[in-house]
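Morning, everyone. Please take a look at the model on the screen, and then we'll walk through it.

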Amino acid sequence: MKNIKKTFFLFVTICSLSITSVFAQSKPIPCARITGNKGQELNALVDGNVIYSESNTKKIEKSKMEIPEGFRNGTLLLEYEEKYYLDGQEVCKKFQLLYSGFTPDDSFKKASEKKSIGVKGGTKIGIAGDAILLTIRTKELDPHLLICSGSEPVYYGSYWYYGLESFMNSTPKFLTFKQLSSSEDLVTISDDITMTLKEAAAVGELTYYQAPSIAFVAQMNAFPFPKHEITSASEKLIHQTLLADESLELILEFDGIKMHLYFPEQFNDYFKKEVKFGDFVSFYGNIVYAEAGELHIYGRDFMTRNINDVLKEKKLKALLKNGFNVNDMLREESQGESNLEK
């Protein structure tokens with residue numbers, strides 16, 4: 001889960017805006033556009049380090065930071081880290097969040113890549129202008145941002161640019177869930193406790209967990225039904241607090257462990273339309289508690305396709321749209337080399 005703090009006005013605007021584009025040399029760069037907040041304090045979306053800040057457009061044009069033309073009106077680059085999983089292994093990547101269209105705070109004037117200035121999410125970075133633009137960029141095409149993107153990212157200069165979907169609550173962030181292959185795989189239960197999924201389930205009395213994110217594949221040998229009647233006071237408290245909107249219960253088995261997944265009512269239609277009895281489905285959720293050797297999970301989403309196939313398809317589309325030699329990419333995948341050419 002992201003550790004993000006936002007001001008109220010910024011949170012509401014980002015969650016309701018549509019992704020727009022800024023044209024730079026005929027290339028539409030995906031971005032979020034925030035309006036109606038001129039003169040208000042602009043706070044950082046996420047913890048990170050400011051590596052560039054400049055208000056003078058001419059200086060921005062001449063800098064080595066490769067700022068696209070449409071983003072040179074009061075510019076700040078905030079570098080932040082994101083953790084996610086690939087093939088069951090945790091990776092940590094650094095992304096650059098590019099702000100434009102505001103007056104950066106003077107405290108960031110001397111920020112550079114070598115001498116960055118730390119900033120906490122939710123703290124002031126400047127004053128909003130008529131229209132604030134935000135985009136995310138990376139040197140290499142990133143799997144997590146690619147999965148989150150509603151449209152193909154754009155390659156401009158030497159950076160890939162993405163919209164702000166990865167910050168939106170409504171966006172499925174599939175790679176932030178650890179993909180489990182068996183009940184022997186490790187799960188981080190809390191900041192200082194890691195155990196296998198089997199160990200997490202093997203409890204007699206009800207045990208609450210701090211919602212670790214997991215993904216697993218199970219055969220659809222049942223469909224959701226109205227949530228079971230809860231009589232235990234402890235279990236009832238958990239459901240009233242954390243699972244109050246989840247009225248459906250789906251019981252499946254994963255590597256010998258009975259899994260109870262709870263979903264909102266509208267998921268009933270999704271399952272009926274997308275899943276057939278006997279299908280193997282990828283499930284995404286957060287472990288909430290265990291009892292009597294069974295796990296109870298807040299169901300976040302499901303996917304009928306293999307996530308790696310989806311990722312490969314999105315990568316191919318992004319490369320094709322941006323003029324890369326896809327044959328080189330396919331050869332690279334088979335040889336384990338990285339030699340893409342424009």
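With which residue does K258 form a salt bridge? The partner is E294, and the closest N and O atoms are 3.9 Å apart. By salt bridge I mean a side-chain nitrogen of Lys or Arg within 4 Å of a carboxyl oxygen of Asp or Glu.

Two housekeeping sentences. This is a predicted model, where local features need pLDDT of at least 70 and side-chain atom pairs count only at pLDDT 80 or more, while totals for chains, interfaces and linings use all residues. Residues are numbered from 1 along each chain as its sequence is written, and side-chain values use heavy atoms, with hydrogens and water left out.

Back to the pair. K258 lies in strand β18 and E294 in strand β20, so the bridge ties together parts that are 36 residues apart in sequence. Helices (H or I, at least four residues) and strands (E, at least two) are DSSP runs, numbered from the N terminus. K258 is partly exposed, at 39% relative accessibility. E294 is partly exposed too, with a relative accessible area of 21%. The cut-offs: buried is under 20% relative accessible area, exposed is over 50%, and partly exposed is in between, using a 1.4 Å probe and protein chains only.

How many salt bridges does the structure hold? There are 8. Let me show you two others.

D142 and K93 meet through their side chains, at 3.4 Å from N to O. D142 sits in the loop between β8 (124-138) and α3 (143-148), and K93 in strand β6 (residues 89-104), so this pair ties together parts that are 49 residues apart in sequence. D142 counts as buried, at 3% relative accessibility. K93 counts as partly exposed, at 30%.

Next, E313 and K317. Their closest N and O atoms are 3.8 Å apart, again a salt bridge. Both are in helix α7 (residues 307-321), 4 residues apart, which puts about one helical turn between them. E313 is partly exposed at 34% relative accessibility. K317 is partly exposed at 44%. Shared partners join R305, E313 and K317 into one network of salt bridges.

Now a buried charge. Where is D185? Look in the loop between β11 (178-179) and β12 (186-190). D185 is buried yet has no salt bridge. The nearest side chain of opposite charge is K178, 6.5 Å away. For charges, Lys and Arg count as positive and Asp and Glu as negative; His and the chain ends are not counted.

What does the D185 side chain reach at 2.5 Å? The backbone nitrogen of S181. That is a polar contact: a pair of N or O atoms within 3.5 Å, where within protein one must be able to donate a hydrogen and the other to accept it, and residues adjacent in sequence count only if both atoms are side-chain atoms. Leaving out residues up to four places away in sequence, D185 touches Q179, L180, M195, T196 and L197. Contact here means heavy atoms within 4.5 Å.

K198 is in helix α4 (residues 197-201). The C-alpha atoms of K198 and D185 are separated by 8.3 Å, with the two residues 13 apart along the chain. K198 is partly exposed, at 42% relative accessibility. Again leaving out residues up to four places away in sequence, K198 touches S183, E184 and I257.

On to helix α5, residues 233-242. Which of its residues are buried? They are E235, I238 and H239. Down the axis of α5 these fall within an arc of 95 degrees, so they line one face of the helix. The arc is that of the directions from the helix axis to the C-beta atoms. The face turned away from the buried side carries exposed A233, L237, Q240 and T241. The buried residues pack against β14 (207-208), β18 (257-263), β19 (280-291) and β20 (294-303). At the start of α5, a side-chain oxygen of S232 comes to within 3.4 Å of the backbone nitrogen of S234.

Last, the aromatics. Ring pairs link F216, F254, F263, F267, Y270, F271, F283 and F302 into a cluster. Rings of Phe, Tyr and Trp (its six-membered ring) pair if their centres lie within 6.5 Å; planes under 30 degrees apart count as stacked, over 60 as edge-to-face and the rest as tilted. The whole structure has 18 aromatic pairs. F267 and F271 make a tilted one, 6.4 Å centre to centre, with 50 degrees between the planes. Both are buried.

Thanks. Over to you.
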